[in-house]
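Visitor: I would like to learn how to read a few features of a model. Could you take me through them one at a time?

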Amino acid sequence: MEASSHCKPLCSHCKPRSFLLFSPDPCKKCSPPAKRAKPFPITGRRVVHLAEFAESLAECGNPSCNKPLVLKDCTSETRFGLGSVFNIPCTSCGMEYRVSTDTRVDTDKRGPKPFVSNQKIALGEWVHGFCDTLQLLKKALPDEASYKLGDLHRSQLGATFEAHNAASDVAALDDLIRHVPVDIEGSAITLESAISVLDDKGKCAERRSTFDKIVQDKALSSRTAAKAAARDLSCRHLKKAHGRPGGIAGLFQEPAAHGCRVTKNTAAVSQYFAQHSA
């Protein structure tokens, strides 16, 4: 019988059944790949939101561990423009976590969530401000029967265009705004204001994601988690409040203009942290 070409003598994993002379140790072809001995090299430049990044590294997401994550323990990285997502295992509990260098915006669409830093760069290069052209045209042309773009373009410029074509729609609106006397500067929303809204939305989404494990374990409803995130709270605040007088109940039930800060029902989430901190 012909011996295997990749293993001489044949190992116990790849030997033919009738071949009795073999090595008890697996050969290189049969052996599992060795684990990475060296840490993943982190090089190059990125835009980093220091406060967000430091908070993400401060402690892992396991309520029973809460040990800090160490950047040098990174096993892999995914680049998104000037932002990155690092996969960092916790040296205490062994769970691996994805840590972003900047706030990411929840767009409710499939695919990776965009980084705020990348959005700012894209907006700053092409956009100087925003305005509601419909309200501007209604104010400038109060006697029009219809404010559809096609109708306005026909009545004001006496011409038609290929409607529902993105390029044609933009060109037609540009011609209309140049023809009709409107106060764009007085009605525009600055880029800085738009970026501020994006920042707030991104930070709220990041805070909401810190409650995922608690929501998954049925200790907190998804609605209450979203409400807590909107009130500037994250899982880290609940962990700190649990060890203080008043506990989570005192934090969630703080007086606010709408009643209480989050909710009065705190028994389940308080019991959850009591069990995981024991």
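Predicted model: local features only at pLDDT ≥ 70, side-chain atom pairs only at ≥ 80, totals over all residues.

Visitor: Is His153 buried or exposed?

Guide: Buried means under 20% relative accessible area. His153 has 5%, so it counts as buried.

Visitor: How many disulfides are there?

Guide: A disulfide covalently joins the sulfur atoms of two cysteines. This structure has zero. Take Cys90: the nearest cysteine sulfur belongs to Cys65, 3.7 Å away. The cut-off is 2.5 Å, so Cys90 is in no disulfide.

Visitor: Where do Cys90 and Cys131 stand on accessibility?

Guide: Cys90 is buried, at 3% relative accessible area. Cys131 is partly exposed, at 29%.

Visitor: What about the largest nonpolar core?

Guide: Nonpolar side chains tend to be buried together in soluble globular proteins. Here the largest nonpolar core has 18 residues. Those with the most contacts inside it are Phe211, Ile214, Leu220, Leu238, Phe252, Val269 and Phe273. At least two core residues come from each of helix 8 (212–216), helix 9 (222–230), helix 10 (235–242), helix 11 (247–252) and helix 12 (267–276). Another core lies apart from it, with eleven residues, including Phe53, Cys60, Cys74 and Val99.

Visitor: Which residues is Phe252 in contact with, leaving aside its neighbours within four places in sequence?

Guide: Leu220 and Leu238 are among them.

How values were computed
Residues numbered from 1 in each chain as written. Heavy atoms only, no water. Buried < 20%, exposed > 50% of the residue type's maximum accessible area, 1.4 Å probe, protein only. Core = buried A, V, L, I, M, F, W, Y, C linked by side-chain atoms within 4.5 Å. Helix = DSSP H or I, 4+ residues; strand = E, 2+ residues; numbered from the N terminus. Contact = heavy atoms within 4.5 Å.
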